[in-house]
Amino acid sequence: MSFSPNPLSLSVPDGAFDSWLRDSGYLEIIDQRTSDVHRHSSAAAAAAAPITSTSAPTTPLATGFFISLFSRIVTLLSIFTLNPFAKLSAADFSGPTPSWTSGFIGSFESYSFPSSPAQARLRAHENAKRYARNYASLFVLFFVCTLYQMPVALLGLISCMALWDVVKFCCNRWGLDKYPVVWQCLVRVAQCVTVIILLFSNFQMAIFCALGIGYTGMILHAAFRKLTLAKPPSTGSRK
């Protein structure tokens, strides 16, 4: 069965085609096209590199190696300047959690070094939306592990929770909500005591460690994880 050629196939520029793919939600195709273009351009540059001297035939190869290494370093550094939360919304946390094995982790072929900072940005923004619930669970896990390694901070957190339970009990026991001035003074004293307990228990360091480890793992996973088809197209919509 033969198909008639598309008369618009040669008149649509790549930029317009990429914009259509982005608006239609086919970001995984853009990610694959970017990797293929970078791979083909690197192979063409390596094949076209002239050998200027017979005494040093490895000079073009060494130059290409250092250029590629410098490009990868720039891309890697640009990953930590991204804001993966730029396109996040509350709806991203309301859906079902993707599978940890096949969806979030995937196989070895599911990862590749981003070919450019633009591709790293595309992956980071989209993966942050797709795996928002997975990343949130990892943040909680890292925070719990950090508290386990810092028992003083854990004790400080438990003490603060007990303090506010006592404040709530006193309010319900003696009806302090009927005396706004007394209630506000009690709340302010409890807040000051909470801050002192958290500072002396080094609780802020526990939060910093958990956020640092969690953010580093999230940004690296989001940038190196290839974009896969989120929802396969239904056969009923095809004509």
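**Close-up views of aromatic contacts and a nonpolar surface patch**

Phe 113 is partly exposed, its relative accessible area being 26%. This value, like the others in these legends, comes from a predicted model.

**View A. The ring of Phe 113 pairs with that of Phe 224.** The two ring centres are 5.2 Å apart and the planes stand at 85°, so Phe 113 and Phe 224 form an edge-to-face pair. Phe 113 belongs to the loop between α4 and α5 (117–130), whereas Phe 224 belongs to helix α9 (residues 203–224); the pair therefore ties together parts 111 residues apart in sequence.

**View B. Charged ends of arginine side chains sit over aromatic rings.** Over the ring of Phe 113 sits the charged end of Arg 72, 4.8 Å from the ring centre. The charged end of Arg 225 is placed over the ring of Tyr 111, at 5.7 Å from its centre.

**View C. Trp 100 and Phe 104 pair within helix α4.** The model contains six aromatic pairs. One of them joins Trp 100 and Phe 104 edge-to-face, with 5.2 Å centre to centre and 65° between the planes. Both residues lie in helix α4 (residues 100–105), four residues apart, or about one turn of the helix. Trp 100 is partly exposed at 35% relative accessible area, while Phe 104 is buried at 7%. Ring pairs also link Trp 100 and Phe 104 with Tyr 131 and Tyr 135 in a cluster.

**View D. A nonpolar patch lies on the surface.** The patch is formed by Phe 65, Phe 66, Leu 69, Ile 73 and Leu 77, which together have about 530 Å² of accessible area. Phe 66 is part of helix α3 (residues 59–79) and counts as exposed because its relative accessibility is 54%, the threshold being over 50%.

Key
Residues numbered from 1 in each chain as written. Predicted model: local features only at pLDDT ≥ 70, side-chain atom pairs only at ≥ 80, totals over all residues. Heavy atoms only, no water. Patch = residues over 30% accessible without salt bridge, like charges linked within 9 Å, V, L, I, M, F, W, Y side chains within 5 Å. Areas by Shrake-Rupley, 256 points an atom, 1.4 Å probe, with all protein chains shown as cover. Salt bridge = Lys/Arg side-chain N within 4 Å of Asp/Glu carboxyl O. Helix = DSSP H or I, 4+ residues; strand = E, 2+ residues; numbered from the N terminus. Buried < 20%, exposed > 50% of the residue type's maximum accessible area, 1.4 Å probe, protein only. Phe/Tyr/Trp six-rings, centres within 6.5 Å; stacked < 30°, edge-to-face > 60°. Lys NZ or Arg CZ within 6 Å of the ring centre and 35° of its normal.
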